[in-house]
Amino acid sequence: MSGPAPSEDSASGQRQQGHRARLVVLGALTAAAPLSLDTYLPALPSLTADLATTPSVTQLSLTSCLVGLALGQLVAGPLSDVLGRRRPMLLGAAGFAVVSVLCAVAPSVEVLVALRLLQGLLGAVGIVVARAVVRDTSDATTSARAFATLMLVSGVAPIVAPVLGGQLLRVTSWRGVFVVLAVYGALSGLAVLVLVRESLPRSRRRSGSAAATLASFRVLLGDRRVVACVLAAGLLFSAMFAYISGSTFVLQDLYGLSPQAFSGVFAANSVGIVASVQVAGRLAGSGRVPPVRLVAAGLGVAAVGTGVLLVSTLLDGGLAGVVAGLFVTVVGVGLVLPSATTLTLADHPEHAGSASALLGTAQFIVGAGTAPLVGLAGSRSAVPMAATMAGAVVLGAVVFGVLWRTAPPGAGREARTQLGSEA
């Protein structure tokens, strides 16, 4: 009678190990974005000199990559609802590796900017499809914890990327940084091939027609709760991007931090957001705290953080207030993002790719739009960065509160019925 127990325990343990391994691989795919954005940042001055261009033109390589990351998700998400998840992930990782090699041998900044757009398009595939795979393999409750685990893996990337880029420049040039990214893409593709099975059976795939894709997006955008989560996550991400793009100038040029001290502040904030992501995942995954309450709490925490930051910069309160405000803000962001992701995909499991694409595209488009605002005063003042972050958080809180409260009951179920009748 007790004979089958060991084999059952062994099988259960193997399934858990396989699940964890899959999450690590999916997290690695989502890490392609921060790695491709942050790893080469320390090399921008040498890249500018090597290609005989100006800093403003060099910055276009960052902007083009962001645009690619946004548009790529919009295409790859619906495509994965049609073709399945595994094939797009493999093609995206392989393409990312090839284009990274081409970036390494780019003869001019114009060519590099174009290649970075393509690199972003291909890197976006892993990001959007990874979220869809989590939704395919988890229910609405357990997906919160799975998203938190995925973000833990990908959240390490912003901590590691600038340090990795700086260390690489000790032994190679900016071209070598892109070679490392190529190797990363190739290894990610190999990991998908070995460890990630197809999660969307043919019976659940949607029609590949353009009309079906547009209908899917129309229904998602007609669900006020989906729109509430998408906009809240997008605006919170834009606050994060304002921090990432502006903090290096504010903390080093304005407050005089050394590169090492700046890296320490950046790392501490990255640890803060990773920790809050895990807290959100555990609370939602346990069922004790609904994801919607975590979104609301995160928006409140982020509002307090940006308020401290804005007051400190307006009153010239010094470095302590700025650092404290930034830390509290990123903790709030960490509470919002996994919970908003869970809510966005919860009511539309059959359109997880499209919903994931909508979420990711909004984040990168809104995030890219904050860069010009942050740099309005150059390195003379931290107020534009603080005001941009505070405005994004407050707007996110207002939009989320209004749309969520005014959404009719059962909106997600009605949307599914509507789309089923149109397909």
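This is a predicted model: local features need pLDDT of at least 70, side-chain atom pairs count only at pLDDT 80 or more; totals for chains, interfaces and linings use all residues.
Residues are numbered from 1 along each chain as its sequence is written, and side-chain values use heavy atoms, with hydrogens and water left out.

The protein has 17 helices and 0 strands, where helices (H or I, at least four residues) and strands (E, at least two) are DSSP runs numbered from the N terminus. Of its 423 residues, 51% count as buried, that is, under 20% relative accessible area, with exposed meaning over 50% and partly exposed in between (1.4 Å probe, protein chains only).

Helix α4 (residues 55-83) and helix α6 (residues 109-137) have axes that come within 6 Å and cross at roughly 35°, the axes being lines fitted to C-alpha atoms over the stretch in contact, with angles running from 0 to 180 degrees between N-to-C directions.

Arg22, which lies in helix α1 (residues 4-30), is buried yet has no salt bridge, and the nearest side chain of opposite charge, Asp136, is 9.0 Å away. A salt bridge here requires a side-chain nitrogen of Lys or Arg within 4 Å of a carboxyl oxygen of Asp or Glu; Lys and Arg count as positive and Asp and Glu as negative, while His and the chain ends are not counted.

Arg87, in helix α5 (residues 86-104), is partly exposed, with a relative accessible area of 44%. The C-alpha atoms of Arg87 and Leu193 are separated by 9.3 Å, although these residues are 106 residues apart along the chain.
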